[in-house]
Structure formats: structure tokens, C-alpha cells
Amino acid sequence: MEAYKRWVRRNRDFVHSLESLANGLTWVLPERFSASELGPEAATAILGVITAINEHIIETTPSPTHKGPVEASAFPYALCISAVKDLETLVEVASEHFYGETRKWNFVAATEGIKVLLRLLLFRNSGYRMLLHGGETPNIDDKLNPSSSPFGDGNLPKYGAQTPALLSNNFAQNRALTALSRFGENARMVSEPMWFHRMHHQQSTVKPPLPVAEKTKPTLSSILSERGFSGALFLLGETLFITRPLIYVLLIRKYGMLSWAPWFLSLAIDLLGAGIFSPVSLSKTGQENQRFLPSTLEKDEMRRRKLLWALYLMRDPFFSKYTRQKLESTEKLLEPVPIFGMLTAKIIELIVGAQTRYTYMSGS
């Protein structure tokens, strides 16, 4: 394994090019794989996991000034979360194929439960800092990290970034708008391209870090004692955000996709969490508590979470009763228009196909 790590770190540009090529080839797999979604989803999931592992290896490259044996690093929560997210669609497709539409929700709920457990452990291990992009991006203190400079705000490349595979017509409908489900995950508050962040991070591994006084990680009791009621509200809001996808899937499992109960309760949890964070971010009692105010990264994360609310327009039953009707009326309106009518029809077809699978799992 160490030999593989050294090879990946020495050939990072080649590895990134190879991953891009492999993801591109999934678009042209032989037709024999397109009879079922299992083959394409398995290929996409495996590529996603491999990409996540390689990105983790590159991001954990030791500094050139480091001497002696490499110490065991902390548990790779971000890598595990990304790997589970890459596998969750495959789990859903496989469970639906082998166990049916109803029983698949048991497996989907189990997958969401694993993500919730990993995020709660990461939340505690990070000293109860806000999770960025569902825990896939490190939440580094602005005051201790150069990412707070005008040249970037610390948005490091996420694990498992990949291009979805489009194979059969049915699979194309379900996968073409995976970007929609990744909307919240990939939403960035800055416009710098990914290569800029990668270059910035690589430069940070070359320069030895400045000595920083060790800080004790806050504990649950210390947060409650120092921050009081606002600290309790923050913990509640972050816990609601972490557990919301699991609650949503469990409600779908009980009431069904076409029930309004999961939709309304999930939206209520999101609104409650946002309502909690607003007074917490504004509360401060004296100059000492300035350190408790949200960082730039955390403010960006709160804006990103609000953008995720757009996905409720794509979730049943709202989609079936309202959004789909608007899309179909738009299609009929533009149908006589040459080229635009054809493109609109195809886009709507892809949206309808993608909506059935890739919207309920997004939002964290």
C-alpha cells in the first residue's frame, strides 16, 4: 500500500488525467452493459471510490521537511463519507433490482444511517465545528490557515468528484442530471477553478507550516458552559442538519414517496436549522466571544445549505403535482420552435428521469 501511495503522489497529474479518461470511457461502454442499471452504477461507484482514495492520498502528502517514519493519521472520516456517498446510488439500484421497490428503502436507510454515524463522529472529533459540504471538506480555522487570504476561502477539492456514466436511454434519464443532486455538494461561494485550489493546496504542502500553539479541542460541556444557550442552539442545529437525510428516508419508508409528510417534515427541519443558526451567528457577549462567531467558510456553508432548498421543487409529491406540470406546459409552448423545442423536450425528459432517484439523497 505504501508503494501505491508513493506512486500516486509522484504521478498526481497522471492519476488525475487517468481518472478523467476512465470517467469519460464510462459514457461509451458496450451496449451489453446497458440492459440494467447495475453495470453502469457499479462502474461509476467503483471509479468514484478509487478517485476518493487517490485524492485522499494526494491531500495527505507529508511535507518535504518531514523526516522519519510517517505517523498514523487520524481516521479518514471525509474519505469514508465520500465513499459511502459514491456507493449509495448503487445500493439503491441493487436493492431495488433484487428486493423490489418497497424493501429497497431498508437498504437506503441503512446507508444513510452509516453517513449520519460518520458525520456525528466527525462532528465530535473536530471539536464540534460546523461540517462543510457534509464533512467532505476540512473546516480549518481562518485565523490559523492561509485559506482566509483574498486568494481563496479554503474550498479544497472534494473527494470523489466524478462525471456520471450515461449508457442506455433509461440510464441516461436517471443519470444525466446527477449534477442536480450534486447541486448542494458542489455549490461554491467562489469562482476559482478546481486547478487553482489544487495548486494552492500543493503549495501549502511544500511550505513548512508556521508554528501554532496547540489548542485543546472543545468538548460538549465546555461549549455549553462557555457559549451557554447559543452553544446549545448551535449543537441542536448542526445535529438536525446531519440527521435530516436519515429522517427523510425513514419517513419515505413509512409513508411513501407521494405522501406530503416526509416532504413537509424534512423542509421544516431545514428551516428550523437555518432559523437556529441565524441568532447564533449574531449573538456575542463581549469581545471574548468574538472567537465563537462563524468563520468565512462557515458563513459560506450556511449560504450553501439554503441553496439546497431548491431541491424541494424536485422532490415528490411537489414535483408530481406542480413542477412537472410547469415543465410539460413549457415543453408544449416551445414544441413548435425549431431546435429549441427539441432541446427543451430532451432536457425535460432527462429531468423527469433524474428526479426519481437523485434528489432525495441530496441536501447534505
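1. Tyr 4 lies in helix 1 of this predicted model. Tyr 4 counts as partly exposed because its relative accessibility is 34%, between the 20% limit for buried and the 50% limit for exposed.

2. Tyr 4 is one of the residues of a nonpolar surface patch of about 950 Å², together with others including Met 1, Trp 7, Phe 14 and Ile 53. Helix 1 (2-10), helix 2 (12-25) and helix 3 (38-59) each give two or more residues to this patch. Helix 2 supplies the largest share, four residues.

3. There are 13 aromatic pairs in the structure. One of them joins Trp 260 and Phe 264; the pair is tilted, with 5.4 Å centre to centre and 35° between the planes. Both residues belong to helix 10 (residues 260-282) and stand four residues apart, about one turn of the helix. Residues three or four places apart point the same way because an α-helix has 3.6 residues a turn.

4. Trp 260 is partly exposed, at 25% relative accessibility, and Phe 264 is partly exposed too, at 47%. Trp 260 also forms a tilted pair with Tyr 322, 6.5 Å centre to centre and 55° between the planes. Tyr 322 is in helix 12 (residues 318-334) and Trp 260 in helix 10, so this pair ties together parts that are 62 residues apart in sequence.

5. Trp 260, Phe 264 and Tyr 322 belong to one aromatic cluster, which includes Tyr 312. Over the ring of Tyr 312 sits the charged end of Arg 315, 4.6 Å from the ring centre.

6. Helix 11 (residues 296-307) reaches 17 Å from its first C-alpha to its last, close to the expected 16 Å. Its buried residues include Leu 297, Met 302 and Arg 305. Arg 305 lies over the face of Phe 241, 3.6 Å from the ring centre.

Key. Residues numbered from 1 in each chain as written. Predicted model: local features only at pLDDT ≥ 70, side-chain atom pairs only at ≥ 80, totals over all residues. Heavy atoms only, no water. Patch = residues over 30% accessible without salt bridge, like charges linked within 9 Å, V, L, I, M, F, W, Y side chains within 5 Å. Areas by Shrake-Rupley, 256 points an atom, 1.4 Å probe, with all protein chains shown as cover. Salt bridge = Lys/Arg side-chain N within 4 Å of Asp/Glu carboxyl O. Buried < 20%, exposed > 50% of the residue type's maximum accessible area, 1.4 Å probe, protein only. Expected span 1.5 Å × (residues − 1). Phe/Tyr/Trp six-rings, centres within 6.5 Å; stacked < 30°, edge-to-face > 60°. Lys NZ or Arg CZ within 6 Å of the ring centre and 35° of its normal.
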